[in-house]
Amino acid sequence: VLPSDEDAVAAEACRTRDAECWTRTLRAGVREDALATLDAIEARALEDEEVVCALGNAATDAALLALVNARDGDEDVRERAGDVYAMCVKRCPSGAAFPAYGLVQTGKFVACAVGSLALPTALRLRLPRHDRFPSVSAMVWHSSIALGRYLFRPEVRAWVQAFGRARGRETSALEIGGGAMVAGLAFSCSFPDEGWDVVLSDVDDNAVVNARYNIEKQKKFQPAFNTKTRSAIVDWNADDDSDSDSDSPSLAFGTFDIILGADVVHEEPHSHGVIRALTKYLDPNGVALIVNPAPASRGGADTFRQLLNDETRWNATTTRITNSIIRVGIEDETEDVPLDFYVIQKHGAATEQPPLEVMR
């Protein structure tokens, strides 16, 4: 289901070979060669932040630091090496470190098939790095694959297009708790030019920063992609979205026509958090599409269902996902951990529901 992105793996090998060559040149100490190499490092790192990790993997960070600290070295080389070193610190991917202190920080690149037979599409993803412990945001959950595939079904695409036209204005979609942001990226691939403003969000800054990289990657490699896609911090337990210690932008106040979520409830507090996010961000006539493992498989999922049963606030429909096309490649996993599809609207919403039979 998640094969390696072979092109990205090959590009990583190329970056590492170049970095090893740069390290040898810098250590050789030839002035003109060193200056040319420093220019090349800067140009490549500004173009692709993954070059910074390759520099760490090839000990180029140590070679740069040696030039900076060389008391009897060429002044131009020392100053230029300092500039390049500082640039690498700034350009280092989230979750990685520069200098690397000998740690290998190879990225994980995968291809995630979310398209349909009529519109085959594989997202080309760099998974978020985490500098200490594995994180749920660094994984691609089966829920997100199922929701991504749902968004590519012809019936669903027709419904979204009609839904957007009926709004008579610019429309917007928000993915909450996105992690690797598979559902949101799939939405932007499926609806590249339909007037949608798409926001991919998570409370994890690493995931949000990584999403920026993947957004640019889809723009480059996908045949069509929504150029109005961006990422932002959303903490559904915060009173004010503007209160964030992160360098990533927080989500401005406002509501969204469609909210997407995949595996967003897996601990008891998450059930109330998701309800809070829907209350805050879902347009009165909007629709939330959420795929989550069944209550027996996820903490908080049963509470989430009970909260949605409040008919004075919500109109919610739950469908067990059994469609073999949606589950292809993850059949065994979704037998052990069944997935439920939630279509959620606020009480009194006057919007036609999306196709449910697609999931059955």
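Of the contacts (heavy atoms within 4.5 Å) between residues at least 6 apart in sequence, 77% join residues at least 24 apart. The model is predicted: local features need pLDDT of at least 70, side-chain atom pairs count only at pLDDT 80 or more, and totals for chains, interfaces and linings use all residues. Residues are numbered from 1 along each chain as its sequence is written, and side-chain values use heavy atoms, with hydrogens and water left out.

The chain contains 12 helices and nine strands; these are DSSP runs, with H or I over at least four residues for helices and E over at least two for strands, numbered from the N terminus. Buried residues, meaning those under 20% relative accessible area with a 1.4 Å probe and protein chains only, account for 53% of the 360 residues.

The structure also holds eight aromatic pairs. Rings of Phe, Tyr and Trp (its six-membered ring) pair if their centres lie within 6.5 Å; planes under 30 degrees apart count as stacked, over 60 as edge-to-face and the rest as tilted. The pair of Tyr-150 and Phe-341 is tilted, because the ring centres are 4.7 Å apart and the planes stand at 50°. Tyr-150 belongs to helix α6 (residues 142–150) and Phe-341 to strand β9 (residues 339–346), so this pair ties together parts that are 191 residues apart in sequence. Tyr-150 counts as buried, at 0% relative accessibility.

Phe-256 and Tyr-281 form an edge-to-face pair, with 6.4 Å centre to centre and 70° between the planes. Both Phe-256 and Tyr-281 are buried. Finally, ring pairs link Trp-159, Phe-163, Phe-187, Phe-191 and Trp-196 into a cluster.

Methods. Buried < 20%, exposed > 50% of the residue type's maximum accessible area, 1.4 Å probe, protein only.
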